[in-house]
Amino acid sequence: MSNDGAVKRWREDFGTWFSSLRFSGFTVLVVLLLVAGVVIVSPSLSTFVQQQRELSDLRESVKQGQKAVDDIDAERAKWKDPVYVRSQARDRLFYVLPGETQLNVIDDTVLPVESTETTEAKLSRMQSNWAHGLAGSFLTAATTKATPEELKSDKTAEQDPASEQTPTDTTNEDPEQ
């Protein structure tokens with residue numbers, strides 16, 4: 001109930017203050033001119049604010065575009081460097097220079113330190129020479145008189161060389177098997 005009394009007192013004080021104000025014609029004219037000015041200027045002001053926002057967005061877009069162009073120029077400059085091109089050829093295409101040997105990790109599991117497993121030479125060394133195989137394949141293809149159908153039937157009749165056992169493989173077999 002004390003709130004109702006405070007509100008009632010405030011209304012009375014405000015009414016007393018408002019009734020004590022004296023409005024002249026000049027005061028009314030100035031207030032009307034201010035209101036008219038706000039009404040006239042507000043659409044232009046809102047358009048100005050919107051244009052400034054769009055201009056800011058466009059400037060940001062230009063900065064991002066310039067950054068993208070700079071990144072592309074830097075990438076293009078990298079590709080002009082022969083060392084970078086060579087490293088990309090090694091990484092992406094697995095190219096090596098003559099005389100180099102490239103090692104590719106197929107299964108990168110780490111054996112524990114206490115493991116007693118050992119690697120064998122037959123697992124790490126290739127028994128065939130790929131250059132001789134390529135030359136032999138090329139010469140066979142160039143000199144054969146067989147039709148492609150006959151060559152296909154010959155290939156299916158042959159066994160997979162990886163599944164054949166050589167005499168050296170039988171000596172290393174585990175006797176427990």
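This is a predicted model: local features need pLDDT of at least 70, side-chain atom pairs count only at pLDDT 80 or more; totals for chains, interfaces and linings use all residues.
Four salt bridges are present in the structure. Side chains of opposite charge can pair when their charged atoms come close. One of the four salt bridges joins Asp71 and Lys67, with a separation of 3.4 Å from N to O. Both residues belong to helix H2, which spans residues 25-79. Asp71 and Lys67 are about one helical turn from each other, because they are four residues apart in that helix. The two partners fall into separate accessibility classes: Asp71 is partly exposed at a relative accessible area of 44%, whereas Lys67 is exposed at 53%. The value for Lys67 lies over the 50% limit, so the residue counts as exposed.

Arg90 is located in helix H3 (residues 82-93), while Glu100 sits in the loop between H3 and helix H4 (121-124). The pair therefore ties together parts that are ten residues apart in sequence. Arg90 has a relative accessible area of 28% and is partly exposed. Glu100, at 33%, is likewise partly exposed.

Helices H2 and H3 were examined as a pair. Two packed helices are described by the angle between their axes and the distance between the axes. The axes of H2 and H3 come within 7 Å and cross at roughly 90°. Because this angle falls in the range of 65 to 115 degrees, H2 is roughly perpendicular to H3. On the H2 side, the contact involves Glu75, Lys78 and Trp79. On the H3 side, these residues meet Tyr84, Val85, Gln88 and Arg92. By type, the residues of the contact comprise three nonpolar, one polar and three charged.

Three aromatic pairs occur in the structure. In the pair of Trp10 and Phe14, the ring centres are 5.7 Å apart and the planes stand at 10°, so the pair is stacked. Trp10 and Phe14 lie in helix H1 (residues 2-20), and because they are four residues apart there, about one helical turn separates them. Trp10 is exposed, with a relative accessible area of 56%, and Phe14 is partly exposed, at 42%.

Phe14 also pairs with Trp17. Here the ring centres are 5.8 Å apart and the planes are at 35°, so the pair is tilted. Phe14 and Trp17 are both in H1, three residues apart, which corresponds to about one turn of the helix. Trp17 is partly exposed, its relative accessible area being 47%. Trp10, Phe14 and Trp17 together form one aromatic cluster.

Notes. Residues are numbered from 1 along each chain as its sequence is written. Side-chain values use heavy atoms; hydrogens and water are left out. A salt bridge is a side-chain nitrogen of Lys or Arg within 4 Å of a carboxyl oxygen of Asp or Glu. Helices (H or I, at least four residues) and strands (E, at least two) are DSSP runs, numbered from the N terminus. Buried means under 20% relative accessible area, exposed over 50%, partly exposed in between (1.4 Å probe, protein chains only). Axes are lines fitted to C-alpha atoms, for helices over the stretch in contact, and angles run from 0 to 180 degrees between N-to-C directions. Angles under 35 degrees count as roughly parallel, over 145 as roughly antiparallel, 65 to 115 as roughly perpendicular and the rest as oblique. Contact means heavy atoms within 4.5 Å. Ala, Val, Leu, Ile, Met, Phe, Trp, Tyr, Cys and Pro count as nonpolar, Asp, Glu, Lys and Arg as charged, and the others, Gly among them, as polar. Rings of Phe, Tyr and Trp (its six-membered ring) pair if their centres lie within 6.5 Å; planes under 30 degrees apart count as stacked, over 60 as edge-to-face and the rest as tilted.
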